[in-house]
Amino acid sequence: MPSYTAPVRDYQFLIDHYMGLERYAEVEGFSEARDMAPALLDASAQFTQEVLHPLNAVGDKQGLKYDNGRVTTPEGFKEAYKQYVEGGWPTLTWPTEFGGQGMPEFLNMPMLEMVCSANLSFGLTPGLTHGAVHALLVHGSDELKQKFLPNMISGAWSGVMCLTEPVAGTDLGLMTTRAEPQADGGYTITGNKIFISAGEQDQTENIIHLVLARLPDAPKGSKGISLFLVPKFLVGDDGSLGERNAFQCAGLEHKMGIHASPTCVMNYDGATGYLVGAPHRGLPAMFTMMNTARLYVGMQGLGVAEAAQQNAIAYAQERLQGRALSGAKFPDKPADPITVHPDVRRMIYIMKAFTEGARGLVMDTALHIDLAHRHPDALVREAADDYVQLVTPIVKSFLTDGGFETASTAMQCFGGYGYIEEYGASQYLRDARIAMIYEGTNGVQAMDLVGRKLPHDTGRYLSRFFHPVDQFIAENKADAAMAEFNKPLKQHVKYLQQATMWIGAMGMVDPNHAGAGAVEYQRMFALVLLAYIWARQAKLALQLREEDPAFYDAKLATARFYFTKILPQTTGLLASITAGAAPVMAEGGF
Ligand SMILES: Cc1cc2nc3c(=O)[nH]c(=O)nc-3n(C[C@H](O)[C@H](O)[C@H](O)COP(=O)(O)OP(=O)(O)OC[C@H]3O[C@@H](n4cnc5c(N)ncnc54)[C@H](O)[C@@H]3O)c2cc1C
């Protein structure tokens with residue numbers, strides 16, 4: 001049975017020191033958020049450790065029941081969701097006018113990670129509701145907002161996102177679901193959607209479907225898609241629940257992982273719907289909420305990685321096999337713990353370098369989302385939004401790739417005991433895999449990075465990363481203690497600039513050059529971004545060491561591992577990127 005301890009200490013370090021929140025005292029909500037953080041971290045840890053984590057293996061083993069359109073979630077899930085709602089957890093960041101608490105996004109990140117670590121399947125339903133609330137807040141009419149948002153924000157009702165159809169996955173322009181205007185100003189929705197997470201479940205009184213569909217006069221392709229709100233139960237003007245709407249869950253998919261999250265086939269049969277935003281502008285409406293949605297999916301990778309890593313380290317510290325290469329470390333025991341072996345230590349440091357670096361990245365990203373919404377200075381808002389645009393595909397892809405890789409490394413630490421079901425390592429591996437696929441596959445994220453984000457306004461987004469990192473390098477040039485981090489950072493930033501220029505120039509000659517190296521470029525960018533994050537954490541560790549030597553020495557050891565053992569991978573990626581399109585576009589290889 002796996003265990004889970006929430007990483008409260010690391011989050012407190014990030015909030016107190018790493019994020020530099022003291023620079024933003026004037027930003028609304030920031031100082032309250034800092035004051036609330038310790039109590040909130042403890043409460044999040046308690047709820048996720050005690051309520052959600054024990055249900056994780058139950059959900060994996062029991063799975064879901066489907067009976068004639070109804071879905072029953074595993075034992076304990078409904079009650080846990082009720083507790084989640086009663087605790088006010090879904091309301092934290094939403095506007096007070098609709099019943100939210102108006103807190104900044106960065107304060108939501110620790111709970112989000114903890115939920116994903118403790119029980120990823122459970123986390124999907126509130127995660128999707130978050131996306132649906134966001135889309136409605138930005139694009140819904142006042143009437144729709146008043147009628148639906150308070151119950152969705154409280155968690156009494158859930159929200160789901162219905163994009164995918166059998167023939168329309170990445171290419172949503174191929175979708176065929178139809179919307180017919182009605183005399184009363186509403187619409188009827190007819191069509192089939194597949195893979196709809198939480199499209200049907202038994203945890204909430206109502207389920208609000210946000211469905212992409214085509215109006216009769218819609219142009220072909222992605223420019224002809226509109227967004228509709230389609231509630232499971234129609235809602236009266238007084239907010240009361242009325243008739244069941246004309247759609248049904250026709251079945252559940254059987255999946256590799258996230259067994260407690262219903263992945264539904266949905267049939268809409270003339271269902272009543274309401275237009276959200278302008279006609280034919282459904283895709284842009286969905287994309288406005290993509291930044292937070294992709295950050296949230298990235299958190300799924302981090303959350304699973306943290307849980308898998310914790311269990312692997314605990315196991316490795318207990319498991320006795322072989323002797324240290326330099327001679328027995330525990331001669332009184334039948335063998336040494338496997339943590340004496342360089343390869344096991346290598347695996348543990350790889351996992352820690354990923355999870356703690358990734359945590360810095362999500363907190364940076366959430367902070368920039370908050371600054372983009374709340375900072376009083378328009379120029380700061382713009383710069384922060386540019387940064388978010390740039391790093392969003394990197395966060396989504398690097399954290400979800402890393403989630404799966406870490407779960408696999410954790411399994412390797414367990415040896416054969418990782419592959420059997422008893423220790424839970426296999427569930428983490430199975431659960432983590434999907435996050436690399438949904439919310440835009442990681443290959444599609446890479447195309448977004450090289451195709452849209454790099455060229456935007458002749459590199460304006462890029463400057464939001466390169467300028468601060470150059471400034472950091474210059475500021476720390478004379479600091480001898482920082483040299484071991486600062487010098488390689490400078491070198492690898494140069495390699496990244498080289499790769500960026502190559503992609504930019506050669507992509508204009510032939511777009512396949514950019515496409516062929518996009519995934520490698522995305523990873524290279526992530527590795528250099530993480531080097532910047534680790535250099536900042538190392539600097540703080542050097543400054544604050546006396547306050548908590550064990551915590552900061554561990555940070556320094558992990559930072560040193562990152563700079564010497566992981567960051568050098570960028571040179572191989574650079575070579576692969578600049579090999580260009582020819583090797584992958586070669587005809588006759590398959
Ligand atoms: C468990 C689960 C839950 C899901 N939840 C939801 C949900 O709640 N709502 C919803 O609407 N959908 C949901 N999905 C669907 C998911 O978002 C899609 O599976 C995903 O978008 C990919 O679409 P596809 O499966 O059709 O793959 P395809 O689009 O067919 O892609 C196949 C491969 O081709 C690549 N590819 C395709 N086009 C391009 C391109 N232009 N450039 C480069 N590479 C390309 C992809 O990267 C991928 O590797 C879910 C799926 C699963 C499995």
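In the predicted model described here, the centres of domain 2 and domain 3, taken over C-alpha atoms, are separated by 18 Å. The contact between them takes 22 residues from domain 2 and 25 residues from domain 3, two residues being in contact if their C-beta atoms, placed from the backbone, lie within 7 Å. On the side of domain 2 that touches domain 3, helix H9 (342–374) and helix H10 (378–414) each supply at least two residues. The largest share of that side, 13 residues, comes from H10. Its composition by class is 11 nonpolar, six polar and five charged residues; Ala, Val, Leu, Ile, Met, Phe, Trp, Tyr, Cys and Pro count as nonpolar, Asp, Glu, Lys and Arg as charged, and the others, Gly among them, as polar.

The domain assignment places domain 1 at 8–288, domain 2 at 289–440 and domain 3 at 442–584, with bounds that come from an automatic or database assignment. Residues are numbered from 1 along each chain as its sequence is written. As the model is predicted, local features need pLDDT of at least 70 and side-chain atom pairs count only at pLDDT 80 or more, whereas totals for chains, interfaces and linings use all residues.

The chain has 19 helices and 11 strands, defined as DSSP runs (helices H or I, at least four residues; strands E, at least two) and numbered from the N terminus. A compact globule of 590 residues would have a radius of gyration near 25 Å, and the 24 Å of the chain agrees with this; the radius is taken over C-alpha atoms, and the globule rule is 2.2 Å times the number of residues to the power 0.38. Along its principal axes the C-alpha trace spans about 80 × 60 × 60 Å. Of the 590 residues, 51% count as buried, a residue being buried if 20 or more other C-beta atoms lie within 10 Å of its own, exposed if 12 or fewer, and partly exposed in between, with C-beta atoms placed from the backbone. Among contacts between residues at least 6 apart in sequence, 75% join residues at least 24 apart.

The ligand is surrounded by 18 residues, of which the closest are Leu163, Gly169, Thr170, Ser197 and Thr441; the criterion is a C-beta atom, placed from the backbone, within 6 Å of the molecule. Strand E3 (157–162), strand E5 (187–197) and helix H13 (442–453) give two or more residues to this shell. By class, the shell has 10 nonpolar, seven polar and one charged residues. The buried residues of H13 are Asn442, Gln445, Ala446, Asp448, Leu449, Val450 and Lys453, and their cover includes H10, helix H14 (460–475), helix H15 (483–509) and H16.

The largest nonpolar core contains 176 residues, and Ala132, Leu210, Phe228, Val362, Ala407, Leu529 and Ala531 touch the most other members. Such a core is a set of buried Ala, Val, Leu, Ile, Met, Phe, Trp, Tyr and Cys residues joined through C-beta atoms within 7 Å. Helix H16 (residues 511–544) provides the largest share of this core, 18 residues. Beyond four places in sequence, the contacts of Ala132 include Met152, Met161 and Leu210.

Gly273, in strand E11 (residues 263–276), is buried because 27 other C-beta atoms lie within 10 Å. Not counting residues up to four places away in sequence, Gly273 touches residues including Tyr187, Phe228 and Val230. Ser576, in helix H18 (residues 569–577), is partly exposed, with 18 C-beta neighbours inside 10 Å.
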